[in-house]
Amino acid sequence: MGRLVAIVGRPNVGKSTLFNRLTQSRTAIVDETAGTTRDRQYGKVDWCGKEFSIVDTGGWVVNSEDVFESEINKQVELAIEEADVILFVVDTMNGVTDLDDHVARILRRSKKPVILVANKVDSNDWMYNVADFYKLGLGEPFPISSASGSGTGDLLDEVVKDLPADDTEEDHLDQIPKFAIVGRPNAGKSSIINAFIGEDRNIVTNIAGTTRDSIYTRYEKFGFNFYLVDTAGIRKKAKVNEDIEYYSVIRSIRAIEASDVCILMIDATLGIESQDVNIFSLIQRNKKGLVVCVNKWDLVQDKSQKAIKHFEDAIRQRFAPFTDFPIIFTSALTKQRIYKVIETAVDVYNNRGRIVPTSQLNTYMQEVIGAYPPPANKGKYIKIKYVTMLKGQVIPTFIFFCNLPQWVKEPYRRYLENKIREKWDFSGTPINVFMREK
């Protein structure tokens with residue numbers, strides 16, 4: 001199951017620097033100006049073979065002049081509520097402040113595993129200040145320097161120790177495909193689920209998921225047998241007062257990680273928006289199958305083939321370079337083509353497990369490579385001798401054996417992937433292409 005870690009703390013303590021360090025990226029903007037982080041950042045961390053999601057939050061502030069103060073604080077509260085483990089970052093150079101006390105009181109009430117991270121221990125001289133944070137009542141502080149990486153290994157050891165086990169799902173859940181319905185608020189997620197299960201409800205059973213907010217709905221109709229993973233409608237509207245866009249993404253993390261194939265709902269009346277791209281990026285990062293469902297098609301006036309082609313091109317352009325996925329235009333209200341969505345999701349799930357015989361793969365790929373060999377580098381030629389497909393992988397994985405794998409660049413790997421997709425049906429599923437030395 002998916003596991004979520006949240007980084008919280010007052011402004012300018014190094015939360016975004018720690019996020020970039022743990023995700024080995026430079027995604028989050030780092031600046032000495034307090035309040036730089038407003039939009040949330042999401043990433044994946046892999047430590048000693050254990051993978052989890054991590055979210056960077058804005059700094060907790062009170063009585064400031066920042067017009068975003070209340071929204072940032074709401075999002076921090078939501079991150080605390082949703083997370084399995086919380087990293088509370090404090091500044092060793094400045095010591096304990098009133099804001100640190102304020103955040104600590106919230107965290108003590110949360111009953112969640114909290115790891116106190118004493119950041120900016122950039123030299124041994126600052127170690128003497130770490131003991132001051134015991135007064136927050138959150139246990140032993142972990143001294144680190146997110147700028148240099150010092151101490152982050154010990155911190156990650158503690159994080160993975162506190163995370164819930166990832167083998168909590170029932171055995172029967174593992175054997176049946178799981179399809180997640182994800183998308184922006186009001187894109188029609190709940191409506192399409194109701195359309196799926198609206199009749200003959202006696203053959204539909206609800207099983208509470210192993211996380212608070214993932215609900216598995218068993219679907220057994222028309223020869224299909226799978227689980228719908230839904231996070232929509234978990235709370236009543238009156239109780240949702242946090243930022244709705246942030247809410248949709250942080251809930252989508254759970255649903256995406258719990259699924260095999262994601263059905264991404266897009267509102268046909270609004271078109272592609274940045275939030276759709278954010279959720280698509282989460283699907284790609286987690287290497288899940290994808291079906292794009294353009295909902296509310298009944299409300300669109302121009303339903304010509306030209307309009308459909310224009311909409312499809314716009315979607316694939318925004319989601320590039322991954323463009324090999326099905327797009328279905330539906331209406332949950334009129335039930336137009338909703339069963340096509342189910343059929344396509346099943347096809348994508350089957351594509352994830354497709355195995356290409358080694359003999360067929362080598363015969364075809366040697367022709368492809370002969371027609372367009374890898375570009376020479378510094379006068380040396382790359383010779384690809386053999387290709388095989390690994391079995392038992394989460395997604396289709398191809399290994400190409402050659403003499404100089406380090407010189408095969410991303411454009412050529414993408415060329416090989418596209419040729420594989422042209423020959424065999426891997427629509428909707430990501431593919432791994434690795435080069436190894438023979």
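In this predicted model, the side chains of Glu410 and Arg413 meet in a salt bridge, at 3.2 Å from N to O; a salt bridge here is a side-chain nitrogen of Lys or Arg within 4 Å of a carboxyl oxygen of Asp or Glu. Both residues belong to helix 12 (residues 410-423), where they sit three residues apart, about one turn of the helix. Helices (H or I, at least four residues) and strands (E, at least two) are DSSP runs, numbered from the N terminus. Glu410 is partly exposed, with a relative accessible area of 38%, and Arg413 is also partly exposed, at 23%. Buried stands for under 20% relative accessible area, exposed for over 50%, and partly exposed for values in between (1.4 Å probe, protein chains only). Salt bridges that share partners also join Lys44, Glu51 and Glu257 into one network.

Residues are numbered from 1 along each chain as its sequence is written, and side-chain values use heavy atoms, with hydrogens and water left out. Because the model is predicted, local features need pLDDT of at least 70 and side-chain atom pairs count only at pLDDT 80 or more, while totals for chains, interfaces and linings use all residues.

By the distance rule, the count comes to 16 salt bridges. One of them pairs Asp100 with Arg10, at 3.3 Å from N to O. This pair links distant parts of the chain, 90 residues apart: Asp100 is in helix 3 (residues 98-110), and Arg10 is in the loop between strand 1 (4-8) and helix 1 (15-23). Asp100 and Arg10 are both buried. Another salt bridge joins Asp267 to Lys296, with the closest N and O atoms 3.0 Å apart. Here too distant parts of the chain are linked, with Asp267 in strand 11 (residues 261-267) and Lys296, 29 residues away, in the loop between strand 12 (289-295) and helix 9 (305-319). Asp267 is buried at a relative accessible area of 4%, whereas Lys296 counts as partly exposed at 22%.

Turning to the chain as a whole, the secondary structure comes to 12 helices and 16 strands. Of the 438 residues, 53% count as buried. Among contacts (heavy atoms within 4.5 Å) with a separation of 6 or more, residues 24 or more positions apart account for 71%. The chain exposes about 20900 Å², of which carbon and sulfur atoms supply 48%; these areas come from the Shrake-Rupley method with a 1.4 Å probe, and for residues only the protein chains shown count as cover.

Leaving aside residues up to four places away in sequence, Ile86 touches Ala6, Val8, Ile80, Leu107, Ser110, Lys112, Pro113, Val114 and Ile115.

Finally, the lining of the largest cavity includes Tyr42, Gly43, Lys44 and Glu257. Strand 2 (41-47), helix 7 (244-257) and helix 8 (274-285) each supply at least two lining residues, and strand 2 gives the most, with three. A lining residue has an atom within 4 Å of a point of the cavity, itself a set of points on a 1 Å grid over the protein atoms alone where a 1.4 Å probe fits but cannot get out.

How values were computed: 1 Å grid on protein atoms, 1.4 Å probe; cavity = no way out; pocket = protein on both sides within 12 Å on 5 of 7 lines; lining within 4 Å.
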